[in-house]
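Biologist: Please take a close look at one part of this model for me: the ligand site and the sheet that goes with it.

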Amino acid sequence: MLTTELYEQLDFVENPLYEKVITDLLNQQYSVVEDFFTPEEVVQLRASLQDKYEEDAFKKAAIGNRVNESIVKSVRGDFILWLNEAEANAAETTFFNRINDFISYMNRTCFMGILFKEFHYALYPEGTFYKRHLDTFQNDDRRKLSIVCYLNEEDWKPEYGGELVIYTNDNRVEEEKVFYPLPGRVVIFESQILEHEVKPVKQPRLSITGWLKTR
Ligand SMILES: O=C(O)CCC(=O)C(=O)O
Ligand SMILES: [Fe+2]
């Protein structure tokens, strides 16, 4: 087959984890991966987030982009800090290496046309949440895939709350898919299609959230 020969010429190596993501995205518009980052990588990224939070670098998250900077506490209560790849520390470099590998795989196999990316740390203090929303409401229709990477401790319990709820639509029947923010878990979904929310948390909730963008 022609495509097989082309892949061989390009030294293409099939990645089972990324293939699962592609299959899931095609079938259900989202994918949940438990081992996108190793436990050691999660520990390093959590430490990096916590260092920067203690340095007070985080800002209250705003709804919308620079055109619309209103802070609406009734919609979301998290604190965020954008990652800068050019100034990445060791943990963040490992993070971006994995993400860049994933992007080039998606572009090669699915012709996704991902050209840009943006990622921020997020910390939800006790009592905060993020109401149901679509990520492309934020004046950014270039967002194609949303990626959420959880950095909590191993022992996150259901009573801590903070579930991600994804609202799917099968033959006009809405369903709620519920995912706890367990360490190493990564949730990837179609930014333009799936509404979702973060339920109120009873413990600080740590993550990196980002978007892969076209054009
Ligand atoms: O942290 C999550 O589970 C989702 C966060 C989210 O929806 C967002 O930042 O847009
Ligand atoms: Fe979102």
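Which residues are around ligand 1?

Modeller: First, the basis. This is a predicted model, where local features need pLDDT of at least 70 and side-chain atom pairs count only at pLDDT 80 or more, while totals for chains, interfaces and linings use all residues. Residues are numbered from 1 along each chain as its sequence is written, and chains are lettered from A and ligands numbered from 1 in the order in which they are written.

Now the shell. Ala 122, Tyr 130, Asp 135, Val 148 and Leu 164 are among the residues around ligand 1. His 196, Val 198, Ser 207 and Thr 209 also belong there. (A residue is near if its C-beta atom, placed from the backbone, lies within 6 Å.) Two elements each give two or more residues to this shell: β10 (195-198) and β11 (205-214). (Strands are DSSP runs of E, at least two residues, numbered from the N terminus.) By class, the shell holds 5 nonpolar residues, 3 polar and 1 charged. (Ala, Val, Leu, Ile, Met, Phe, Trp, Tyr, Cys and Pro are nonpolar; Asp, Glu, Lys and Arg are charged; the others, Gly among them, are polar.)

Next, the sheet. β10 is part of an open sheet of 4 strands. The order is β5-β10-β7-β8, and pairing is antiparallel. (Strands pair if DSSP finds at least two bridges between them.) At the edges sit β5 (130-133) and β8 (173-179), each pairing on one side only. From one strand to the next, the twist averages 20°. (Axes are lines fitted to C-alpha atoms; angles run from 0 to 180 degrees between N-to-C directions.)

Finally, one pair in detail. β7 (residues 164-170) runs antiparallel to β8, with 7 bridges between them. Val 165 has Val 178 in β8 as its bridge partner.
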